[in-house]
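Please keep the sequence and the structure in view while working through the points.

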Amino acid sequence: MLRSAAPSTGPVPHQQIRFCRGRDGVRIAYAAHGQGPPLLVVSCWLSHLQYDWQSPVWRHFLDELGAFTTLVRYDERGFGLSDWSVNDFSLEARLADLEALVEDIGLDRLSLLGMSGGSPVAMAYAARHSERVDRLILYGASPLGRHTPAPTERELAFRALIRAGWAQEDPIFRRVFTNIFIPGATEEQMGWFDELQRMSTSTDNAVASRLARQEVNIVDALPGIEAPTLVLHARGDRSTPFDDAVLSAGLIPNARLVPLEAANHILLADEPAWPVFVREVRRFMADASTAAATDAPAGLADLTAREREVLRLAAEGRSNPEIAEALVLSVRTVERHLSNAYLKLGITGRAARTAAVASLLRHDGA
């Protein structure tokens, strides 16, 4: 069994949790941290924007990817801080949520990281909106839900386990899923993942979401993906077969497959495959990282006239309420314009306002 490093004890980076609404009105929670080109994580099955920062399973993903990207994360419908009162978990509904989120952020182009159960949504978005996706990263991904008209005994057993034990304090039933996702984890990590399942969603949502995922089949859409694509997958993944990665990489025109020597669906911080994952993602994002690091005008070109106007008033030293009064806007609208500008410039954190203003003034010659 792997001996995992303890979760990071460092401070949690500043993240402002914001909300948008999907096509059917479902409220979606999202947040961003880090510095660099925007990378939007298309949510996996289990997530929680706040709880993940305490995680001995997920924290290293947030820390290390946020070191060279502006990492945008969201809780998908029915999970985490997003609305739990959901009836529709279909691929189309989840895709509409992602479309609404990208519009709310205000980015014309960005990169996507489709992880696990979120990967079909990322692939579908990349195929449908090729003009907006710079690059696509797939991890633990599959384009298939493997629906069968008559569920197997194994699948019926899984559904029964969810109904019987998902909401119970005793994690004995949830531990079955934990063992599938992270068989090489320590007891501490398994205990945390046991609890994540219970905290992230309700029993009904867990079942409904699982059934909807099994209906997914976007194989025919893969040849339409134009963005350069990096496919990373653990050879011993018990949750999603490695053959699914081979299928995706073979059908996406500009894709490269990187096998990871691991048995965990979620890579742990101290296993040899983890630095391979980070190195490959960093290299893949290198062009955008270089552009962000040098404050390339491309990011500034994406700013709307209103966002530039807000930044110019900020450069004069005006507070958000003063900017709102000058432009006859609400303070909340001013905050939204500033947040969108930060994302487009690849800047987050407490110094984002100063850095964004400096970037605007430097390149506009003001």
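1. The model is predicted: local features need pLDDT of at least 70, side-chain atom pairs count only at pLDDT 80 or more, and totals for chains, interfaces and linings use all residues. Residues are numbered from 1 along each chain as its sequence is written, and side-chain values use heavy atoms, with hydrogens and water left out.

2. The largest nonpolar core has 91 residues, and L40 and F277 have the most contacts inside it. A nonpolar core is a set of buried Ala, Val, Leu, Ile, Met, Phe, Trp, Tyr and Cys residues joined through side-chain atoms within 4.5 Å; buried means under 20% relative accessible area (1.4 Å probe, protein chains only). Another core, of 17 residues, lies apart from it and includes L300 and V357.

3. Strand 2 (residues 27-34) is largely enclosed by the rest of the structure, because 7 of its 8 residues are buried. Strands are DSSP runs (E, at least two residues), numbered from the N terminus.

4. Strand 2 runs antiparallel to strand 1 (residues 18-21), with 4 bridges joining them; strands pair if DSSP finds at least two bridges between them. F19 stands opposite A29. Strand 2 also pairs with strand 4 (residues 70-75) in the antiparallel sense, over 6 bridges, and A31 has R73 as its bridge partner there.

Terms used
Buried means under 20% relative accessible area, exposed over 50%, partly exposed in between (1.4 Å probe, protein chains only).
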